[in-house]
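Please study the sequence and the structure before working through the solutions.

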Number of protein chains: 2
Amino acid sequence: MPADRHAARRQKLIRAIRRESADALLVTNFTNVSYLTGFSGDDSHLLIGPSATVLISDSRYTTQLQQECPGLDLHIRGPGKSMTDAAAKVVARAKLATVGFESGSLTYDQWHALAAQTKSADLKPLSGLVEKLRLVKDSHEIAEIRKAVYQAEHGFQAFRACLLGDMTERRAAHELEHSMRRFGAVGASFAPIVAVGSQSALPHARPTDREIGESSFVLVDWGATAVQGYKSDLTRIIVTGKISPKLARIYRVVLNAQRIGIDSIRPGLRCCDVDQAARKSIANAGYGKNFGHGLGHGIGLDIHEGPRLGPSSTETLKPGMVVTVEPGVYLPGWGGIRIEDDVLVTRDGCEVLTSTPKELQEAVLE
Amino acid sequence: MPADRHAARRQKLIRAIRRESADALLVTNFTNVSYLTGFSGDDSHLLIGPSATVLISDSRYTTQLQQECPGLDLHIRGPGKSMTDAAAKVVARAKLATVGFESGSLTYDQWHALAAQTKSADLKPLSGLVEKLRLVKDSHEIAEIRKAVYQAEHGFQAFRACLLGDMTERRAAHELEHSMRRFGAVGASFAPIVAVGSQSALPHARPTDREIGESSFVLVDWGATAVQGYKSDLTRIIVTGKISPKLARIYRVVLNAQRIGIDSIRPGLRCCDVDQAARKSIANAGYGKNFGHGLGHGIGLDIHEGPRLGPSSTETLKPGMVVTVEPGVYLPGWGGIRIEDDVLVTRDGCEVLTSTPKELQEAVLE
């Protein structure tokens, strides 16, 4: 019962709003609005609090809102009325004294306009309240992430089977997205990284016109977005030539670190300790300086969300969190090896949601 | 000479900054940063003014910045330093008294952090300065938009030739994007609209599982993004069944209004008058209430940018502006007809950049 699921999320948020001594929160981040209401459109805000909850939108969305969010109070702003005009009106009508706003999402101009129009209310910057709820996924969200994993993995298999040496990185990235869509994805969860040889030394390489066959291996970092917006995120190496001793060595170091990171995951562990476990393993192998980014991040409606698994992360793992584990070793001029899986924290440990083979021998393209 | 092109844009902006009595502008919108520097990455800000121009980025981008923006001063922020930390440092070092910021882009939290760290400078909200420069395209930009038009039109032709009655709207939208990429597009310039029959009555319909053959016509609104980020935007009807008298009538009304709108375009005309010319024609035919949106909008690095062609637009057309002309008539329950082309304002009139056939007979799928 979807209505109950969203109502439950709103109830939790209302408790958090009370704890912040606010009468309501104006939710302006569209992803947060979707999370709280089930509405799949954009350009809409949600004013939510113990005494009133109103979704503010425009007439393009009236029908869709009635279908997707039955029972929710709507305020449809008229033509020529800005979102801040409408929000100010709703705040005034609800006679609220202290209204929180998402200060990490509202622009200075929007805040300024809102403040000028809500003179009777005190605006209070509050950030991260909804993001905090989104850290722990409910069963519906986990099922949706599983769909995005399915689409990414099957799309990758079909893509891999069609890979040719004279395909450019750019073309390959496009083929991969197309392939994931054949399995039901709305699209890629981010522009796929297809990085041949030395290009893979850049953790955020963008596809170029370099051809797949120009080196002996290619790094692919990709994911799918499922219909309801949930995402997956994986990285694999595809070996297209001979396995050099150096490739074999680096690959072993990274895969070993990734396994150590995954094996450490359990509720109650600090996120920085997961990072530390994998990082120490890479450092012990002599490549500490070649792993310059955090070990992983949460995935959900956003491709990067909480919790972060990094050296300075302050969060603690809880059942229902879904994180990537993606150590890498980058050698400028030679290339980089990164291996990434999506992991669900369970009550007594974790479950790896992704199952694309990752032994080096399995990475060889026949 | 790309460096000159970007330097010329920066010189114009510096003059605008002087007119606002500011010592510099902190450009935080990534698209604006690209426009001013040629840098194709993100997560970077530009502090620009008469006395100093510095691009603020991080170490992931050092190599790319040296290649793409030779000669530009760089400030590479260290790990653990936020963008506002770095910007504050650059502002302090340049000893600036009044620093403008892009108030339509900076979030409240970013502004607050910046204000706390730049106590010696006065922060002044300035919005739209770069957007104003972007209104008029230079020859390089027009050439890039032509590429995006080429990719969209050839992609559409190939897509149209493969369209099948049992394809879903969603599948068709994916095939269209894939097809544009075959002609060099980085991707679609926005999620393509493929709306069968009555679905087309929603100006912002999202593709569903409805099949192409379920009605006698389908509306397709699509465009391409070329490699340097410039975009195109078109709409055509594809007739998949019999042309009913109603379809013929509505189509004639819309096509006629679109031609009137295009024919009116010339430098010196107010944007609201272009809208009015087309709108009056639709109203005279008795469908005034069924055309609820503006006539068009600028395209460039963003799919929606200035100038707007709407009833309340205050801008005046200038040579080098590129706008869409897209009247529509929407009949709830029956469907909508919209026809859209991209038009360049020239010195003595205009040039229609798009040439996909638009006579009703040419819309029939054989």
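**Exercise 1.** Which rotation, and what shift along its axis, superposes chain A on chain B?

*Solution.* The model is predicted, so local features need pLDDT of at least 70 and side-chain atom pairs count only at pLDDT 80 or more, while totals for chains, interfaces and linings use all residues. Residues are numbered from 1 along each chain as its sequence is written, and chains are lettered from A and ligands numbered from 1 in the order in which they are written.

Step 1. Chain A is superposed on chain B by a rotation of 180° with 0.0 Å of shift along its axis, at an RMSD of 0.0 Å (least squares on the C-alpha atoms of residues with pLDDT of at least 70 in both copies).

Step 2. This is the relation of a two-fold axis.

Step 3. The C-alpha of A:Thr107 is the one in chain A nearest the axis, 1.9 Å from it.

**Exercise 2.** Determine how chain A and chain B meet.

*Solution.* Step 1. To the contact, chain A gives 16 residues and chain B gives 16 residues; two residues are in contact if their C-beta atoms, placed from the backbone, lie within 7 Å.

Step 1. On the side of chain A that touches chain B, the elements giving two or more residues are helix H5 (108–117) and helix H8 (169–182) of chain A. Helices (H or I, at least four residues) and strands (E, at least two) are DSSP runs, numbered from the N terminus.

Step 2. The residues on this side of chain A comprise five nonpolar, eight polar and three charged (Ala, Val, Leu, Ile, Met, Phe, Trp, Tyr, Cys and Pro count as nonpolar, Asp, Glu, Lys and Arg as charged, and the others, Gly among them, as polar).

Step 3. Since 100% of the interface residues of chain A are also interface residues in chain B, the copies meet through the same surface.
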